[in-house]
Amino acid sequence: MNCSNHIEMVIKPYEVPQIIDFAYNTIQDNNLFIDLADDIGYFNLKEMDIRRHGGHQNGLWLGCPAGKEVLGIRANGDIYGCLSIRDEQFREGNIRDMPTRQLWTRPGAFSWNRNLSREQLTGFCGKCQYGSFCLGGCTGAKLTLNKNIYENNYCLFKIFIEKEKENICKITSIDTIISKAKKHLDSEEYQMSELCLSRARTLDRNNIEVIELADSLNNLMNGIL
């Protein structure tokens, strides 16, 4: 948690793609093994290729494993879902007071992560089509940088969408923006389609085709979310 006390030393969200580009280019050029940390991602094609190269079968990072697949034991015996998570509220107990197996299997153990659902996510994560998979990403990073476990401003997908939003806002042709919205919808790129339709509504709020596409998108998103 030291970086939260020295935030001026922490990289900014827009700098994260530089890490991915470096890792991606490196594995193309030689046989150096690179395994991305859990706080780097998510749902970026290069990032997924790096993870596949590192042994992840499908390249997808599917959520924080703390308290689900792993746990951490501090020097004093305190047990946490992950040693990067130091907040007292996430302390599950101490191995001197309870056997690890009993602590792991007791009702309510690690409920903050085992019971976390996408409905609890906020901000961009709360409406992201991938929210059910990653649940907002690395818990340690979220706590340190966002002060909660429900939103991640360092997500590669969010960074990409925000950058694309700037480009979409420059489009002034209603036909062009509708065409892009359809293309993204057909490709199941729902966030991008939503951006295009939002821009289309500013250009022609009463356009029937835009309204119908928006209805289709909402139905699809409701099925996912």
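Start by selecting helix 2 and helix 3, which are oblique to each other (angles under 35 degrees count as roughly parallel, over 145 as roughly antiparallel, 65 to 115 as roughly perpendicular and the rest as oblique). This is a predicted model, in which local features need pLDDT of at least 70, side-chain atom pairs count only at pLDDT 80 or more, and totals for chains, interfaces and linings use all residues. Residues are numbered from 1 along each chain as its sequence is written, and side-chain values use heavy atoms, with hydrogens and water left out.

Stay with this pair. The axes of helix 2 (residues 16–29) and helix 3 (residues 45–53) come within 9 Å and cross at roughly 45°; axes are lines fitted to C-alpha atoms over the stretch in contact, with angles from 0 to 180 degrees between N-to-C directions. Helices are DSSP runs of H or I with at least four residues, strands are E runs of at least two, and both are numbered from the N terminus.

Now show the side chains. On helix 2, pick I20, D21, A23, Y24, I27 and Q28; they meet K46, E47, D49, I50 and H53 of helix 3, where contact means heavy atoms within 4.5 Å. Five of the residues in this contact are nonpolar, two polar and four charged (Ala, Val, Leu, Ile, Met, Phe, Trp, Tyr, Cys and Pro count as nonpolar, Asp, Glu, Lys and Arg as charged, and the others, Gly among them, as polar).

Next, jump to helix 11, whose buried residues include Y190, M192, L195 and R199; buried means under 20% relative accessible area with a 1.4 Å probe, protein chains only.

Finally, zoom out: the protein chain has twelve helices and three strands, and its C-alpha trace spans about 65 × 45 × 35 Å along its principal axes. Buried residues make up 40% of its 225 residues.

Notes. Buried means under 20% relative accessible area, exposed over 50%, partly exposed in between (1.4 Å probe, protein chains only).
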